[in-house]
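Hello,

Here is the structure for you to look through.

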Amino acid sequence: MSNAKALPLVEPEAVAPCCPPLTERPMSADEAEVAARMFKALGDPVRLRLFSAVASHEGGEACVCDISDVGVSQPTVSHHLKKLKEAGLLSSERRGTWVYYRVEPSVLAAMGALLAGASKAA
């Protein structure tokens, strides 16, 4: 049995909701910067597939071993997962030799709220 402890790699505040709905008021420069970083991270097809794989995985989290089959090498998968973490879209936890990723519910809610107002205005 391993004595390894689960160590969080991203602090919870890194995944806090970023912005009000687009139709509520104009974004501040800081809010726009955060939102742009999130959408830029999702603008890459491999990152979008990885994000979707984590978000839709049973139990709400996925081991990197379960989501790495996206048509690129393992180092490239790690690079893309790092970019998603830096954008505040994923958090991760090391368990032994594997890293588990999860999408925080607050991130999905914030992204949904940001865009939901825009669809009502159309």
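In which helix do Glu 86 and Lys 83 both lie, and how many residues apart are they? They both lie in helix α4, 3 residues apart. That spacing is about one turn of the helix.

Keep in mind that this is a predicted model.

Now the pairing itself. Side chains of opposite charge can pair when their charged atoms come close. Glu 86 and Lys 83 do this: their side chains meet in a salt bridge, 3.8 Å from N to O. Glu 86 also forms a salt bridge with Lys 82. There the closest N and O atoms are 3.9 Å apart. Glu 86 and Lys 82 are 4 residues apart in helix α4, which spans residues 74-86, so about one helical turn separates them.

How open are these side chains? Glu 86 has 43% relative accessibility, so Glu 86 counts as partly exposed. Lys 83 is partly exposed too, at 32%.

Arg 102 forms a salt bridge with Glu 61, with the closest N and O atoms 3.4 Å apart. Arg 102 lies in strand β4 (residues 98-102) and Glu 61 in strand β2 (residues 61-63), so the pair ties together parts that are 41 residues apart in sequence. Glu 61 has 21% relative accessibility. Buried means under 20%, so Glu 61 counts as partly exposed.

This pair also belongs to a network: salt bridges link Glu 61, Glu 93, Arg 95 and Arg 102.

Over the whole structure, the search finds 7 salt bridges.

Best wishes

Terms used: Residues are numbered from 1 along each chain as its sequence is written. This is a predicted model: local features need pLDDT of at least 70, side-chain atom pairs count only at pLDDT 80 or more; totals for chains, interfaces and linings use all residues. Side-chain values use heavy atoms; hydrogens and water are left out. A salt bridge is a side-chain nitrogen of Lys or Arg within 4 Å of a carboxyl oxygen of Asp or Glu. Helices (H or I, at least four residues) and strands (E, at least two) are DSSP runs, numbered from the N terminus. Buried means under 20% relative accessible area, exposed over 50%, partly exposed in between (1.4 Å probe, protein chains only).
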